[in-house]
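Look at the model first, then read on.

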Amino acid sequence: MTPMGSLTLSSPWLSLPATKDGTPAQCHSCGSAAAFEQLADQRAFGTALYWRAACEWILGYFQAESPALRLHAISQANLPEHYADAVASVERALALVEVVGQPINELEILHSAAHVRNLTGRHQAALARCQNGLRLARNLEVAASDADWPAILGDTYHDLGRYRDAADYLSNALPIFEDHFMNRAHALCLLKLGYSYQPMADREAAIMRLNESLAIFEELQLSHHAQRVRDTIVSCRNRL
C-alpha cells in the first residue's frame, strides 16, 4: 500500500504529495492530469518539475525533458498567474517530441496540451489539439476510443458552449471509466454530464447524473467534491 501523502511515480526522484483533502493524490496512470488538480502545493511541485526539465536540457536528454515539461505545464495550468508558463512548457514539450520523432509520446503530450489550453481558457486552441491528437491516433492505428479523448473533448465542447456535443462525448467516456473501475474519473464524468444537461434545460437528466456522481464521491470519501455536487443538485432542483 502506498504511504499516506505520497504516491511514487515512475521516476524514483519524483513523488506525488498529499492533496488538499490530506489524502494521497490518485490517478489511473503516471502523470494523470486529474492527479495534479488535487495537489496542495502546485507551485513547489511545478518548480521541481521545471528544474528537472532544465537539467535534462543541459545534459542533452531531450527524450526525458519533454515528459518533465508536460507535467510542469499541467501543474502550473491550475495557477492563474502561471498560465503563460504552462502554455510555453507544453508547447516546448510538443516541439521536442516532434523533433526527436516520438509519435506515441506526441499523442500523450497533445492530450496534455489540450488539457492545459482548456484550463487557461483557450478552448478553441484546445479543440485544435484534440483534433490533431485524434488524427495522429488514427495514423498510428492507436485506439482513440479510450476514455481520455472523449472526456477531454467533452470538457472542451462544454467550455465552448456546445453542450449537446459535450454530453455526447462525455457519454462515450462514461462506460469506459466504469468498465475499468476508474471511480474518481467516473464520478467526475457524471458530474460534468450533469453540468452539460443543465443549460439544455434537461434538469431531470442532470439531477439523475448528479445523484450518481454524489454516490461515488461519498463512497470514495471525497468530501469536497461531494459537497460541490450537493450544492449543484439543490440549485438544479430550485430551477425545476
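## Helix packing and cores

Helices α8 and α9 are roughly antiparallel to each other, therefore counted as such by angle (over 145 degrees is the cut-off). The model is predicted: local features need pLDDT of at least 70, side-chain atom pairs count only at pLDDT 80 or more, and totals for chains, interfaces and linings use all residues. Residues are numbered from 1 along each chain as its sequence is written, and side-chain values use heavy atoms, without hydrogens and water.

The two helices are DSSP runs (H or I, at least four residues).

| Item | Value |
|---|---|
| α8 | residues 163-179 |
| α9 | residues 183-197 |
| Angle, α8 to α9 | about 160 degrees |
| Axis separation, α8 to α9 | 9 Å |

Which residues make the contact? Contact means heavy atoms within 4.5 Å. From α8 they include Leu170, Leu174 and Phe177, and from α9 they include Cys189, Leu190 and Leu193. By class, this contact has 12 nonpolar, 3 polar and 3 charged residues.

Now the cores. A nonpolar core is a set of buried nonpolar residues (Ala, Val, Leu, Ile, Met, Phe, Trp, Tyr and Cys) joined through side-chain atoms within 4.5 Å. Buried means under 20% relative accessible area (1.4 Å probe, protein chains only). The largest core has 29 residues, and Phe177, Phe217 and Val229 touch the most other members. Its largest share, 8 residues, comes from α9. Val229 touches Leu191, Leu210, Ser213, Leu214 and Phe217, not counting residues up to four places away in sequence. A second, separate core of 23 residues includes Ala86 and Cys130.

Terms used. Axes are lines fitted to C-alpha atoms, for helices over the stretch in contact, and angles run from 0 to 180 degrees between N-to-C directions. Angles under 35 degrees count as roughly parallel, over 145 as roughly antiparallel, 65 to 115 as roughly perpendicular and the rest as oblique. Ala, Val, Leu, Ile, Met, Phe, Trp, Tyr, Cys and Pro count as nonpolar, Asp, Glu, Lys and Arg as charged, and the others, Gly among them, as polar. Buried means under 20% relative accessible area, exposed over 50%, partly exposed in between (1.4 Å probe, protein chains only).
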